Structure formats: C-alpha cells, structure tokens
Amino acid sequence: MKQIINRKSYNTNTAKKVGYWDSKSGRSDFNRYEETLYLKKTGEYFLHVSGYKYSEYAELFGNERGTGEKIIPFTVEQAKSWSEKKFQQDIIRRFSTKL
C-alpha cells in the first residue's frame, strides 16, 4: 500500500517490515485485524493496519461496513510502545494456552 500523509510518502513495498501482529482469529472472523510495523529508509516508522468489517479498522461504504486499511505514521516512541504492547500480549497468550 502506498499513501501520502502530510506531504510524506509511505510505501509498504519499499519500507522494511520490522514487526507483525494479528488478532489471532480465523480468516472467516469478521473481527479479524492485522498490524504491521515498517521502517522507512529515512528512519521514520509507520504502521499499516487492515481489518475486516467488524474490526476497529473497518471502513464505511454507504450504510455498510467493509474491509479497511490505512497507514499511521509513528514516532520512535510510538513504535517502541506498539512493539512492547503487542509482543507482550502475544507472550501472555502463548503461556495462557499452555496452562
């Protein structure tokens, strides 16, 4: 995906993927969403998000909700916070399923 935000270009095809997280629900779950953290060659971070029609990233098309996606520019601190939060949740989920 390519998007220009505040006169800055963000492109998932040219940036380096540094983190990925999804909601761990099945592909047929309309609440499913995915978040991917990228690092641009300029040192800027951004989050590419996408989600099905009942996720927080869904888009409205008239009166209907559908799959949506967007890019969210991140500061270094936001990227660090996202990583800590998402991967801590993943670790907790892995351990809780083994109990």
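Visitor: What relative accessible area does Phe30 have?
Guide: This is a predicted model, in which local features need pLDDT of at least 70 and side-chain atom pairs count only at pLDDT 80 or more, while totals for chains, interfaces and linings use all residues. Residues are numbered from 1 along each chain as its sequence is written, and side-chain values use heavy atoms, leaving out hydrogens and water. On the scale used here, buried means under 20% relative accessible area, exposed means over 50%, and partly exposed is in between (1.4 Å probe, protein chains only). Phe30 falls in the partly exposed class, with a value of 44%.

Visitor: Are the rings of Phe30 and Tyr54 stacked or edge-to-face?
Guide: Rings of Phe, Tyr and Trp (its six-membered ring) pair if their centres lie within 6.5 Å; planes under 30 degrees apart are stacked, over 60 edge-to-face, and the rest tilted. The whole structure holds six such pairs. For Phe30 and Tyr54 the centres are 6.0 Å apart and the planes are at 80°, so this pair is edge-to-face.

Visitor: Where does Tyr54 sit, and what is its relative accessibility?
Guide: Helices (H or I, at least four residues) and strands (E, at least two) are DSSP runs numbered from the N terminus. Tyr54 is in the loop between β5 and β6 (59-61), while Phe30 is in the loop between β3 (16-22) and β4, so to speak a link between distant parts of the chain, 24 residues apart. Tyr54 counts as partly exposed, at 49%.

Visitor: What is the centre-to-centre distance between Trp82 and Phe87?
Guide: These two rings also form an edge-to-face pair, with 85° between the planes and a centre-to-centre distance of 5.8 Å. Trp82 is buried at 6% relative accessible area, whereas Phe87 is partly exposed at 31%. To come back to your distance, the value is 5.8 Å.

Visitor: Which lysine lies over the face of Phe30?
Guide: A charge sits over a ring if NZ of Lys or CZ of Arg is within 6 Å of the ring centre and within 35 degrees of the ring normal. Trp21 has Lys86 over its face, at 4.2 Å from the ring centre. At Phe30 the distance is 5.2 Å, and the residue is Lys53.

Visitor: How many salt bridges are there?
Guide: Side chains of opposite charge can pair when their charged atoms come close. The rule here asks for a side-chain nitrogen of Lys or Arg within 4 Å of a carboxyl oxygen of Asp or Glu. By that rule, the count is six.

Visitor: How many residues apart in sequence are the parts that Glu44 and Lys8 tie together?
Guide: The side chains of Glu44 and Lys8 form a salt bridge, 3.0 Å from N to O. Glu44 is in the loop between β4 (33-39) and β5 (45-51) and Lys8 is in strand β2 (residues 8-11), so the parts tied together are separated by 36 residues.

Visitor: Which residues are joined into one salt-bridge network?
Guide: Lys24 pairs with Asp22, with their closest N and O atoms 3.8 Å apart, and Glu34 pairs with Arg32 at 3.0 Å. Asp22 is buried at 11% relative accessibility, as is Arg32 with 5%. Shared partners join the salt bridges into one network of Asp22, Lys24, Arg32 and Glu34.

Visitor: In what order do the elements run from the N terminus on?
Guide: The protein chain has one helix and eight strands. Of its 99 residues, 34% count as buried. From the N terminus on, the order is β-β-β-β-β-β-β-β-α.
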